[in-house]
Amino acid sequence: LNSGVLLCVSGCATPEELSIESVHSAVEKMFETLRGLRHMRNHLKQLRSVYSASDGVHQATYRPFLRQILEEVFHPDRAECPDIEHMSGGLTDLLKTGFSMFVKVRHCHFKV
């Protein structure tokens, strides 16, 4: 195994450091991530599934999630996808957020 992958998945730097507990913990984390992805995809409208079952005429098909997203974003004839929202994370938004913090500051007035 590549030591970088081993470190990322199990938290161990070398194969000698691997233990049943560290492997079990790494596998649990992976399944938690997969369950979280499944839960999030249940809330999507159009990009819910990567698998289309066969209908007797057509074979079952597999369309990877990333491929579906790219097709939705770059296909010129498709309407706007309800599952994809553009969120600007640019400098302008950062500045607006930063300045709005100063605008919303209230000064305390103490009564003596």
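Predicted model: local features only at pLDDT ≥ 70, side-chain atom pairs only at ≥ 80, totals over all residues.
Which residue's side chain meets that of Glu28 in a salt bridge? The partner is Arg35, at 4.0 Å from N to O. A salt bridge here is a side-chain nitrogen of Lys or Arg within 4 Å of a carboxyl oxygen of Asp or Glu.

## About the model

Residues are numbered from 1 along each chain as its sequence is written, and side-chain values use heavy atoms, with hydrogens and water left out.

## Helix α2

Let's start with α2, which runs over residues 20–41 and has 22 residues. Helices are DSSP runs (H or I, at least four residues), numbered from the N terminus. From its first C-alpha to its last, α2 reaches 32 Å, close to the 32 Å expected at 1.5 Å a residue; the expected span is 1.5 Å times one less than the number of residues.

Ser22, Ala26 and Arg41 are the buried residues to look for in α2. They cover an arc of only 90° around the axis, which puts them on the same side of α2. That arc is taken from the directions from the helix axis to the C-beta atoms. Turned away from this buried side is a face that carries the exposed residues Ile20, Glu21, His24 and Arg38. For these labels, buried means under 20% relative accessible area, exposed over 50%, and partly exposed in between (1.4 Å probe, protein chains only).

## The Glu28 and Arg35 pair

Back to the opening pair: Glu28 is partly exposed at 35% relative accessibility, and Arg35 is also partly exposed, at 40%.

## A network around Glu71

By the salt-bridge rule, the count comes to three. Arg63, Arg67 and Glu71 are linked in a network of these bridges. The side chains of Arg63 and Glu71 meet at 2.5 Å, N to O. Arg63 has a relative accessible area of 34% and is partly exposed, while Glu71 counts as partly exposed at 26%.

Glu71 also forms a salt bridge with Arg67, the closest N and O atoms being 3.4 Å apart. Arg67 and Glu71 are four residues apart in helix α3 (residues 65–74), so about one helical turn separates them. Arg67 is exposed, with a relative accessible area of 51%.

Methods
Helix = DSSP H or I, 4+ residues; strand = E, 2+ residues; numbered from the N terminus.
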